[in-house]
Structure formats: structure tokens, C-alpha cells
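Good morning, and thank you for coming. I shall present one structure today, and I ask you to keep the model in view as I speak.

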Amino acid sequence: EVRLVESGGGLVQAGGSLRLSCVTSGITDDDYAIGWFREAPGKEEEGVACINSVDGTTYYADSVKGRFTIFGDAAKKTTDLQLDSLKPEDTAMYHCATDFDCRSSDDLLPNNLAYDFWGRGAQVTVSP
């Protein structure tokens, strides 16, 4: 059984930083991808970033490019998401997911977002 557990959310002022972590278990394949997506009330689900385990290639949504960085530990099968220069519009529940198509930034578009396993999420709240 594949499980993902997020941690590291919190409340921060605009311009601040947070780091989210995603710990996985049950992933048996060494060739996999992990992605982050977020959900906010009244907004469409949005893919944020993803990383491939084999070559470490990463992709980002345009809304977070240059502010968020995804890191992967292939041996531990964990992923971190560093959130810098946070804005109030970044407020959302952030989930990590696997069995995730991560071949281009198009895979993060709402209409293309697809995954089979995801965690319960970590809340990020950014105050003005």
C-alpha cells in the first residue's frame, strides 16, 4: 500500500518562507515521480511542482516558478517543497502525490493533473 504523509505547513506573513516535507512508504519502483498540488476554497485544484526520481528533472507551475523549489531524496523516496516569497494567494492545502505524470509543466495544468496516490495535506496560510 502506498502512503504519503505531508508535514511543515503553517501560518506565515507575506514574503516569508515555509518548507513542506513528504514522506512516502510502499513505493516499490525506483523510477517514479512525486508531485505537489494545492487546493484552496473556491479555486481550481492546481499542480505546483513535480520531480522525477531517475534524473531529478523538475517542473513548476508558472504561478510558483522562481519562488518554490522541489527537492527529492531518491534513496529515501521523500520530497521537500521549499516555499519562498510567499503571497496570500498561495494559501491552500498542499498535498503530495505519486503515480504522477511529470514529463513537462503541462502535466501540472488543472486539466492534465493526474495521480493515483496522495496524502492528507499540509495547510499553508499566508497573511497579508
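Let us begin with a definition: a residue is buried if its relative accessible area is under 20%, exposed if it is over 50%, and partly exposed in between, using a 1.4 Å probe and protein chains only. What we see is a predicted model, in which local features need pLDDT of at least 70 and side-chain atom pairs count only at pLDDT 80 or more, while totals for chains, interfaces and linings use all residues. Residues are numbered from 1 along each chain as its sequence is written, and side-chain values use heavy atoms, with hydrogens and water left out.

I turn to the aromatic rings. Rings of Phe, Tyr and Trp (for Trp, the six-membered ring) pair if their centres lie within 6.5 Å; planes under 30 degrees apart count as stacked, over 60 as edge-to-face, and the rest as tilted. How many aromatic pairs does a search of the whole structure find? The search finds three. In one of them, Phe 37 and Tyr 115 are stacked, with 4.5 Å from centre to centre and 15° between the planes. Phe 37 belongs to strand S4 (residues 33–39) and Tyr 115 to the loop between strand S9 (92–98) and strand S10 (117–118), so this pair ties together parts that are 78 residues apart in sequence. Strands here are DSSP runs of E of at least two residues, and helices are runs of H or I of at least four, numbered from the N terminus. Are Phe 37 and Tyr 115 buried or exposed? Both are buried. Tyr 115 also pairs with Phe 100: their ring centres are 6.4 Å apart and their planes at 15°, so this pair is stacked. Phe 100 is buried as well. Phe 37, Phe 100, Tyr 115 and Trp 118 form one aromatic cluster.

Next, the strands around S9. Two strands pair if DSSP finds at least two bridges between them. S4 and S9 run antiparallel and are joined by six bridges, and Arg 38 has Tyr 94 in S9 as its bridge partner. S9 also pairs with strand S11 (residues 122–127) in the antiparallel sense, over three bridges; here Ala 92 stands opposite Val 124. With S10, S9 forms two bridges, again antiparallel, and Ala 97 stands opposite Trp 118. Six of the seven residues of S9 are buried.

Now the interior. A nonpolar core is a set of buried Ala, Val, Leu, Ile, Met, Phe, Trp, Tyr and Cys residues joined through side-chain atoms within 4.5 Å. The largest core has 28 residues, and those touching the most other members include Leu 20, Trp 36 and Tyr 94. A second, separate core of nine residues includes Cys 50, Phe 100, Cys 102 and Leu 113.

Finally, the disulfides, each a pair of cysteine sulfur atoms within 2.5 Å. The structure holds two. Cys 22 is joined to Cys 96, with 2.1 Å from S to S. This pair links distant parts of the chain, strand S3 and strand S9, 74 residues apart. Both Cys 22 and Cys 96 are buried. In the other disulfide, the sulfur atoms of Cys 50 and Cys 102 are 2.2 Å apart. Cys 50 lies in strand S5 and Cys 102 in the loop between S9 and S10, 52 residues apart. Cys 50 and Cys 102 are also buried. Thank you for your attention.
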